Amino acid sequence: MADAATRKRAAELRDEIEHHRYRYYILDDPEVSDAEFDRLVRELQRLEATHPELDHPDSPTKSVGAPPDPAFTAVEHRRRMLSLDNAFDTSELDAWFDRVEKGLDDSEPSYACELKVDGVAISLAYVDGWLERAVTRGDGRTGEDITAGARTIDPIPGVLNLDRPPALLEVRGEVFLPVSAFEEMNAAREALGEERFANPRNATSGTLRQKDPRITAQRPLSMVCHGMGAIEGLEVASHAEFLSFLAAAGLPVAPETRTGLDRGRVREYIRYWQAHRHDPDYEIDGVVVKVESHAHQRQLGATSSAPRWAIAYKYPPEEKETRLLDVRVNIGRTGAANPYAVLEPVFVGGSTVTYATLHNQDQVRLKDVRPGDVVMVRKAGDVIPQVIGAVTAKRPPEVWRAGPWRFPDTCPFCGSPIERLEGEAASYCTNLDCPNRRLEALDHFASRGALDIEGLGYETAKLLLDLGMVEQFADIFYLDRDALLALQGWGQKKTDNLLAAIEAAKGQPLERLLFALGIPHVGGTVARLLARHFGTLNAVRAATQEEIAAIDGVGPVIAQAVRQFFDNPRTAQQVDRLVAAGVRTDTGATSGRWSVEPVLEGWTVVLTGSLSRFTRDEAKQAVEDRAGKVTASVSGNTSVVVAGDNPGSKTDKAKELGVPVVDEEGFVELLRTGELSD
């Protein structure tokens with residue numbers, strides 16, 4: 001059995017991985033490199049393999065992508081849209097070859113290779129040759145409807161160029177912004193005084209998520225198709241045949257793709273494109289290797305998150321030399337003092353960077369990087385880079401004489417002492433009123449993953465704090481409209497929009513509030529566990545440390561942090577002010593249309609299709625709030641299937657098994673009463 005330390009580490013990894021997935025897929029604002037994210041996933045996979053009792057069907061190692069953004073209509077994929085397992089060196093690739101051939105009775109199959117485009121994965125569904133819908137990957141089962149924007153992308157045809165199109169063609173591919181177009185677009189934005197996009201992938205994702213398709217149309221997105229989803233009325237025996245069919249139908253396929261390869265030619269392809277990775281006009285981060293025969297693919301099958309017949313060979317992160325101009329320290333929302341590097345601008349991984357993470361003071365000491373050093377910077381493609389270390393052979397004499405960089409004893413923002421807590425890698429500003437700490441806390445409180453207050457971004461938060469209009473996060477619910485109107489550049493529309501967003505934030509569920517409070521170690525996953533276990537904020541505040549620690553996935557360290565947070569008179573006072581302002585403190589629905597009693601205890605519910613009054617996450621939450629369980633597939637144990645628009649095949653399966661099917665009105669009645677309407 002896993003010991004307490006191992007269980008704690010597994011819980012930390014699950015929370016951290018889900019946090020980074022949300023920032024990458026939903027916010028388009030990743031905090032770590034792809035390589036660092038892969039490292040976290042692989043560490044959790046090793047723990048789960050070594051300690052099977054830690055493995056769970058809901059583990060992020062079994063998941064794909066992230067839940068759809070509730071701002072878009074959720075659409076269920078007809079066929080799951082899986083991710084890919086990764087290989088990082090030739091030994092891991094050879095191990096995959098061996099597994100494939102063992103699964104095919106030791107016969108060596110034919111392989112296909114294609115460049116792994118670093119863009120945004122989408123699925124196009126054509127019905128009788130007409131584009132019906134474009135959907136993002138989402139969590140692999142349900143994605144976001146981006147059809148309106150996708151219709152403006154030139155390479156995506158509205159009608160297939162076929163005399164006899166199949167009844168259904170679901171094709172998977174990657175949308176990207178060409179590097180040349182990205183540079184031109186950024187230059188134009190800079191000339192207009194607008195903020196530059198960080199990288200092509202973020203620009204692509206942000207463009208696809210525009211509600212107004214006219215904005216999408218203004219940006220020269222492109223696409224390459226590479227995979228097959230659900231099909232009806234089409235038979236193709238291999239990946240090569242499928243790509244030929246797509247090209248004939250007028251869909252874009254990558255000219256760099258090669259088929260009919262053996263092991264040796266796969267390795268040659270990988271080596272060639274690693275040396276020529278900047279030749280295409282789009283960013284790549286590796287090569288995808290696939291078993292070519294569809295019969296072999298079916299024989300090999302898939303895991304819960306990835307096909308066994310394909311693998312992504314990931315290229316190592318790029319590294320460049322540059323000058324380290326300074327090492328500075330930022331103070332985060334918990335008071336953590338985080339060192340970062342200020343760099344002489346360097347083009348690496350497809351963009352020019354001037355800042356890099358240094359993690360903590362131990363890492364600075366171990367790497368012995370000093371201002372004035374030539375350092376190696378690594379970037380995995382599209383996030384804040386890392387400083388690998390100093391090139392000591394190029395260290396100037398004056399830098400040698402200056403000695404190692406020393407972590408400051410006082411906060412650079414408020415001058416208070418910085419202290420390191422026993423057993424922690426981070427050091428902390430001791431001043432709870434540190435201005436930067438308050439700024440970071442307020443920015444987090446209003447962020448999309450927390451209370452999602454549109455219009456209260458970093459600059460607005462800083463303005464309100466600098467003017468003394470707010471001091472703590474609870475103050476935003478007491479802002480005076482006239483005071484806002486008096487600010488320079490603040491008209492009636494801007495003011496009213498912000499106040500409306502603040503009012504709407506009061507209705508966010510308890511799990512969002514718990515995450516927004518910024519309790520140490522409480523990320524999105526732990527916040528959900530606390531909310532679902534206790535149900536109300538009062539119950540969380542009244543719980544003992546032992547009761548909190550007993551929740552599966554929480555443990556003693558997190559429990560101590562939660563208890564200390566609510567026992568602190570300062571934070572407790574802020575929470576009291578939130579409650580007094582009318583902020584929601586339970587997990588039930590805000591509209592009052594139904595109760596939150598456990599009326600669905602013992603029920604197993606399947607959701608399919610799009611609902612008009614709920615996002616997929618909201619519908620699932622509503623069922624779970626009433627003690628019910630939501631599953632993805634229909635079986636004899638299913639209590640009811642809720643069918644929205646375009647429900648797919650699950651309703652047919654329900655009818656075969658005699659499982660009741662209700663529409664959205666019936667679902668609302670079920671939530672209210674716990675009974676099926678006639």
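Which side chains meet in a salt bridge with Glu 503? The side chain of Lys 506 does, at 3.1 Å from N to O.

## Basis of the report

The structure is a predicted model, in which local features need pLDDT of at least 70 and side-chain atom pairs count only at pLDDT 80 or more, while totals for chains, interfaces and linings use all residues. Residues are numbered from 1 along each chain as its sequence is written, and side-chain values use heavy atoms, with hydrogens and water left out.

## The chain as a whole

The chain has 25 helices and 22 strands. Helices (H or I, at least four residues) and strands (E, at least two) are DSSP runs, numbered from the N terminus. Of the 678 residues, 51% count as buried. Buried means under 20% relative accessible area, exposed means over 50%, and partly exposed lies in between (1.4 Å probe, protein chains only).

A contact means heavy atoms within 4.5 Å. Among contacts in the chain with a separation of 6 or more, 67% are between residues 24 or more positions apart.

## Helix α3

Helix α3 covers residues 90–103, and at 1.5 Å a residue its 14 residues should span 20 Å; the C-alpha atoms at its ends are 20 Å apart, which agrees. The expected span is 1.5 Å times one less than the number of residues in the helix. Leu 93, Trp 96, Phe 97, Val 100 and Glu 101 of α3 are buried. They cover an arc of only 130 degrees around the axis, which puts them on the same side of α3. The arc is that of the directions from the helix axis to the C-beta atoms.

On the other side of α3, Arg 99 and Lys 102 are exposed. The buried residues of α3 pack against several elements, including β3 (111–117), α9 (263–275) and β10 (284–291). Just after the helix, Asp 105 takes a positive phi of about 60 degrees.

## Salt bridges

Side chains of opposite charge can pair when their charged atoms come close. A salt bridge is a side-chain nitrogen of Lys or Arg within 4 Å of a carboxyl oxygen of Asp or Glu. A search of the whole structure finds 28 of them. Lys 506 counts as buried, at 16% relative accessibility.

Arg 9 forms a salt bridge with Glu 12, where the closest N and O atoms are 3.5 Å apart. Both residues lie in helix α1 (residues 4–26), 3 residues apart, which is about one turn of the helix. Arg 9 counts as partly exposed at 26% relative accessibility, and Glu 12 counts as partly exposed at 29%. Another salt bridge joins the side chains of Glu 114 and Lys 290, at 2.9 Å from N to O. This pair links distant parts of the chain, with Glu 114 in strand β3 and Lys 290 in strand β10, 176 residues apart. Glu 114 and Lys 290 are both buried.

## Nonpolar cores

In soluble globular proteins, nonpolar side chains tend to be buried together. A nonpolar core is a set of buried Ala, Val, Leu, Ile, Met, Phe, Trp, Tyr and Cys residues joined through side-chain atoms within 4.5 Å. The largest one here has 52 residues, and those with the most contacts inside it are Ile 453, Phe 477, Leu 514, Leu 517 and Phe 566. Helices that each supply at least two residues of this core include α13 (435–445), α16 (492–505) and α21 (556–567). Apart from this core lies another, of 31 residues, among them Ala 181, Cys 225, Leu 243 and Leu 246.

Not counting residues up to four places away in sequence, Ile 453 touches Ala 446, Ile 476, Leu 498, Ala 501, Ile 502 and Ala 505.

## Two loop residues with positive phi

Asp 452 lies in the loop between α13 and α14. Its phi is near 55 degrees, a positive value in a residue other than glycine. Asp 452 counts as partly exposed, at 34% relative accessibility.

His 521 lies in the loop between α17 and α18, and its phi is near 75 degrees, again a positive value in a residue other than glycine. At 43% relative accessibility, His 521 counts as partly exposed.
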